Amino acid sequence: MENNEIRYRLDLLLRLLDTTTGQIVTERDVRIFRDGNVTRPISRGNGNYVFLNIDREDSSMEIRVFGYEDAFIQVRYEELDEHLPIKDVFLIPSENTARGEQLLSLTGQLSKLEAIEAVRLGRATCSVKKFDSRKCIMDLFRTNGPSMEETSYGLLHTDDMTFEAFEVEKVISPVSLKLKKPLQEEFRENAPIARIVYGQCGKDGSYLLRVRDDAASVKYLIRYVVNGTPKYQVVDFHNPEEMQLR
């Protein structure tokens, strides 16, 4: 008798996150399209969707989740771990779904806009103590902020109001992180670290960045890329005069 063996290979794991909070998206009404075709990944709970035995080819994906804006991503395998290809998808809550949550939106249109993201000012998760570039280990000064997670953060340079984005590969301890890549910019000890909030931009230069309205002052440092050049702007979401990229 022949032994039939079925093998499964994990080719992609999508992790759905609410970009305004960093929390997992637990909504079950999820539809995912790959290169325009409906897909049926396996839901593993906690916002995780697994693709088994699909071709490991770069693709475009559209993610539709009830209560969130549609998301469009590019899956490039050269950017993913060969053994555990995980792709985080940061979803923007929709204003059209009543959930009792107050949201603030930055919208507009800017020619040749390529990307937009931001970090909160005045509410750091923690601050940097030192960084070992050879080992990619960052030591931290802890604050009363939330625990660090394996996601994306910005290291603020308050002198010139810019930030360097970095990704956490592993949380070693509450005061130690392993980064996916070495930092490229100089920084001051005790420089603040804040989670990155991702926005969306269209081919026509339209953009959307949405945050939670959870304080009297809601200030963010916006980083946006125009024709390959990064620019920065401080925006107070409660000040209508600042609610437009320049």
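The following dialogue examines how terms are applied to this predicted model.

Mentor: In this predicted model, local features need pLDDT of at least 70 and side-chain atom pairs count only at pLDDT 80 or more, while totals for chains, interfaces and linings use all residues. Residues are numbered from 1 along each chain as its sequence is written, and side-chain values use heavy atoms, with hydrogens and water left out.

Trainee: What makes up the chain in terms of helices and strands?

Mentor: The chain has 0 helices and 20 strands. Helices (H or I, at least four residues) and strands (E, at least two) are DSSP runs, numbered from the N terminus.

Trainee: How do you know that the radius of gyration agrees with that of a compact globule?

Mentor: The radius is taken over C-alpha atoms, and the globule rule is 2.2 Å times the number of residues to the power 0.38. For 246 residues a compact globule would have a value near 18 Å; the chain has 19 Å, so the two agree.

Trainee: Why is the pair of Tyr153 and Phe166 called stacked?

Mentor: Rings of Phe, Tyr and Trp (its six-membered ring) pair if their centres lie within 6.5 Å; planes under 30 degrees apart count as stacked, over 60 as edge-to-face and the rest as tilted. The structure holds 4 aromatic pairs. In the pair of Tyr153 and Phe166, the centres are 6.0 Å apart and the planes lie at 25°, so the pair is stacked. This pair links distant parts of the chain, with Tyr153 in strand β13 and Phe166 in strand β14, 13 residues apart.

Trainee: Why does Tyr153 count as buried?

Mentor: Buried means under 20% relative accessible area, exposed over 50%, and partly exposed in between (1.4 Å probe, protein chains only). Tyr153 has 3% relative accessibility and therefore counts as buried. Phe166, at 5%, is buried as well.

Trainee: What makes the pair of Tyr220 and Phe237 edge-to-face?

Mentor: The angle between the planes is 80°, and the centres are 5.6 Å apart. Tyr220 lies in strand β19 and Phe237 in the segment after β20, 17 residues apart. Tyr220 is buried at 5% relative accessibility, and Phe237 is buried with a relative accessible area of 5%.

Trainee: Which residues touch the most other members of the largest nonpolar core?

Mentor: A nonpolar core is a set of buried Ala, Val, Leu, Ile, Met, Phe, Trp, Tyr and Cys residues joined through side-chain atoms within 4.5 Å. The largest has 20 residues, of which Leu14, Leu16, Met61, Ile63 and Leu91 touch the most other members. Strands β1, β2, β5, β6, β7 and β8 each supply at least two residues of this core. A second, separate core of 19 residues includes Leu104, Tyr207, Tyr224 and Leu245.

Trainee: How do you know that β1 is mostly covered?

Mentor: In β1, 7 of its 9 residues are buried.

Trainee: What makes β1 and β5 a pair of strands?

Mentor: Two strands pair if DSSP finds at least two bridges between them. 5 bridges join β1 to β5, which run antiparallel, and Arg15 stands opposite Asn48 in β5. β1 is also joined to β8 by 6 bridges, and these strands run parallel; here Leu13 stands opposite Ile86 in β8.

Trainee: Why are β3 and β7 called edge strands?

Mentor: 4 strands form an open sheet in the order β3-β2-β6-β7, with antiparallel pairing. As the edge strands, β3 and β7 each pair on one side only. Between β2 and β3 there are 3 bridges, and the bridge partner of Ile32 in β3 is Thr39.
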